[in-house]
Protein chains: 2
Amino acid sequence: MTGSRRVLVTGARGFLGAYCVPLLAARGFDVVAVTSAPPPPDASGLRWRRCDLLDPTACAALVAVERPTHLLHLAWITAPGVFWSARENMAWLAAGVRLADAFFAATGERAVGLGSCAEYAVSDAPCVEGGTPIEPQTVYGKAKAAMHLALQAAAGARGGSLAWARLFFPYGPGEAAGRFIPDVIRGLRQGEAVACTHGRQVRDFVFAADAAAACVALLEAKQSGAYNVGSGEGVSLREVADLLARKLGADAGLLKFGARKAPSFDPPRIVADIARIRRDTAWAPQVALSDGLARSIEPQRARAPAPTATVQNVPGATG
Amino acid sequence: MTGSRRVLVTGARGFLGAYCVPLLAARGFDVVAVTSAPPPPDASGLRWRRCDLLDPTACAALVAVERPTHLLHLAWITAPGVFWSARENMAWLAAGVRLADAFFAATGERAVGLGSCAEYAVSDAPCVEGGTPIEPQTVYGKAKAAMHLALQAAAGARGGSLAWARLFFPYGPGEAAGRFIPDVIRGLRQGEAVACTHGRQVRDFVFAADAAAACVALLEAKQSGAYNVGSGEGVSLREVADLLARKLGADAGLLKFGARKAPSFDPPRIVADIARIRRDTAWAPQVALSDGLARSIEPQRARAPAPTATVQNVPGATG
């Protein structure tokens with residue numbers, strides 16, 4: 001809670017970043033919020049830095065000038081539907097390697113990187129850190145798993161410490177169009193048919209504000225390692241869509257399950273075991289799915305800055 | 001065996017690269033041998049390209065100009081004693097990410113990357129691909145494991161194929177000073193005391209020409225995945241040193257076991273299970289340890305180009 005903790009937050013205007021920035025400020029961090037887009041209009045009191053992290057020179061200069069002690073690295077390619085297999089994952093990996101190296105070689109002490117449940121092997125049981133094998137099936141999952149190792153190497157070369165937040169399926173106000181929940185809401189609201197896959201996939205949805213709080217808790221913790229960030233509970237996409245229809249008072253018949261082919265990588269079940277983060281931090285999910293969905297259908301308020309096109313995304317959440 | 005196979009070999013003047021280049025040429029590859037140093041004097045008939053792979057622009061230009069169908073990526077930081085924990089591992093990882101991306105995004109079809117037994121968890125049993133956990137304990141091991149995932153991601157984004165050669169402990173003519181076997185030979189030859197650690201560490205030594213042949217066999221194979229490249233047999237450092245003393249007719253009393261502290265990461269046993277590479281390729285180790293050590297003490301001949309300061313190295317082989 002001292003002024004000497006300066007955190008560099010990448011992807012600060014992304015879906016998760018927008019929730020993290022005010023939380024970090026409230027915890028007393030000196031926040032340097034990095035974005036490739038223009039800073040938001042309500043940027044008062046925060047240090048926004050516009051930087052293209054994919055530019056090696058700009059990235060090194062940013063670290064040299066800002067001299068952060070903490071790093072929350074959220075930025076990545078997240079375009080819905082595309083990020084799974086896009087070549088841009090490689091550019092973000094290279095950028096992340098450079099950033100991790102520059103950070104720990106300079107003034108960096110503690111980093112949290114954003115990983116993904118897509119790093120795990122497919123498993124019907126809840127995913128457990130250090131238990132469920134790391135066997136990513138997608139380009140995105142492979143690049144994220146590589147990024148985790150790269151951060152570990154960078155931290156190891158300089159005696160820094162590191163937590164890796166394996167995000168499951170974040171949702172909430174500010175979520176980008178093209179993802180499952182916003183698309184279902186929009187379709188139902190407009191009275192249009194919503195083409196869905198079979199909808200029996202079980203996912204672990206975590207409210208974005210909860211996920212952001214988990215990242216901040218991990219940044220303030222001392223322990224190293226990977227931590228699942230989820231709700232710990234699975235729900236099928238069909239149940240989620242039906243819940244949304246009830247909350248909106250919409251015709252559930254608009255939900256056309258089976259009208260869309262499931263993507264090639266679409267495991268039946270992806271659920272987090274969250275015992276480790278609950279043990280090592282004071283964090284626990286606060287917002288139940290029903291409440292989170294209710295908030296997701298409210299008109300957007302000023303709680304979080306307006307989302308941009310580069311939201312943080314995780315696989316499997318587009319139905 | 002057609003002229004349409006053009007292979008880019010990085011680290012071509014390194015310890016392993018020097019053995020790989022002539023083997024690749026003999027197999028009918030159109031070889032583009034990349035080195036950051038000047039090409040060797042006996043470079044007749046080979047296309048040498050001087051390139052600093054750590055320079056992003058130079059790396060991209062190299063791939064664009066040479067248009068390789070195959071990639072054998074050997075270059076890495078290998079300075080004995082230093083490479084374990086050096087920050088330069090991050091620069092080589094970033095370079096490798098860029099190279100893998102550029103290669104597969106252009107004309108790349110098949111790559112072999114050079115991994116390491118340092119990726120595995122410590123295990124008294126032989127290391128098995130897909131069995132022994134990937135739990136690197138060193139900066140070098142973490143960066144190599146990250147590189148494997150990065151290559152998988154790059155290949156996956158473009159439908160390319162990839163084998164990952166996890167090298168155990170290569171030795172043979174051309175091995176750099178500062179590593180165990182050359183240092184023991186030099187000391188015994190000069191009649192000087194050789195300060196060694198306790199020497200009970202068991203390692204899997206593989207003759208460099210055998211290791212190079214394994215890389216070439218993997219490049220010509222179709223299968224994807226990680227492959228151990230070792231002899232499949234463990235021997236203690238003490239046994240190796242005693243063998244060298246006998247072969248040199250030197251006084252084994254010069255070997256001062258216990259005179260040096262063992263490094264902080266120095267597992268009791270690192271031995272390869274080589275069933276997978278034997279199953280999927282025609283490769284098998286040809287040179288028994290006793291023969292390989294005999295060749296290592298011969299005056300250097302012209303079989304392999306003269307080694308440079310940047311030899312390919314693996315952990316734990318400095319006693």
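Q: With which residue does A:R27 form a salt bridge?
A: In this predicted model, the partner of A:R27 belongs to a distant part of the chain, 193 residues apart. A:R27 lies in the loop between α1 (15–26) and β2 (30–35) of chain A, whereas the partner lies in helix α6 (residues 208–220) of chain A. The closest N and O atoms are 2.6 Å apart, and the residue that pairs with A:R27 is A:E220.

Q: Is A:E220 buried, partly exposed or exposed?
A: A residue counts as buried under 20% relative accessible area and as exposed over 50%. The value for A:E220 is 24%.

Q: Which residue meets A:D266 in a salt bridge?
A: A:D266 is in the loop between β13 (255–256) and β14 (269–270) of chain A, and its partner is in strand β9 (residues 202–203) of chain A, 63 residues apart. Both residues of the pair are buried. The side chains meet at 3.1 Å, N to O, and the partner is A:R203.

Q: How many salt bridges does the structure hold over all chains?
A: Side chains of opposite charge can pair when their charged atoms come close. In chain A, A:R6, A:D30, A:R47, A:R49 and A:E66 are linked in a network of salt bridges. Across the interface of chain B and chain A there are two salt bridges. Over all chains, the number is 24.

Q: Which residue of chain A meets B:R87 in a salt bridge?
A: B:R87 is among the residues of chain B that lose the most area to chain A, the others being B:M90 and B:L149. Its side chain takes part in a salt bridge with an N to O distance of 2.8 Å, and the partner is A:D101.

Q: Which helix gives the most to the side of chain B that touches chain A?
A: The contact takes 25 residues from chain B and 24 residues from chain A. In chain B, α3 (88–105) and α4 (139–158) each supply at least two residues of that side. With 13 residues, the helix that gives the most is α4(B).

Q: What percentage of the area buried between chain B and chain A do carbon and sulfur atoms give?
A: The side of chain B that touches chain A has 17 nonpolar, three polar and five charged residues. The area buried between the two chains is about 2000 Å². Of that area, the part given by carbon and sulfur atoms is 75%.

Q: What is the relative accessible area of A:V229?
A: A:V229 lies in strand β11 (residues 225–229) of chain A. Beyond its neighbours within four places in sequence, A:V229 is in contact with residues including A:L167, A:F168, A:V206, A:L218 and A:I277. The residue is buried, with a relative accessible area of 1%.

Terms used: Residues are numbered from 1 along each chain as its sequence is written. Chains are lettered from A and ligands numbered from 1 in the order in which they are written. This is a predicted model: local features need pLDDT of at least 70, side-chain atom pairs count only at pLDDT 80 or more; totals for chains, interfaces and linings use all residues. Side-chain values use heavy atoms; hydrogens and water are left out. Contact means heavy atoms within 4.5 Å. Buried area is the accessible area (1.4 Å probe) that two parts lose on being put together, summed over both. A salt bridge is a side-chain nitrogen of Lys or Arg within 4 Å of a carboxyl oxygen of Asp or Glu. Helices (H or I, at least four residues) and strands (E, at least two) are DSSP runs, numbered from the N terminus. Ala, Val, Leu, Ile, Met, Phe, Trp, Tyr, Cys and Pro count as nonpolar, Asp, Glu, Lys and Arg as charged, and the others, Gly among them, as polar. Buried means under 20% relative accessible area, exposed over 50%, partly exposed in between (1.4 Å probe, protein chains only).
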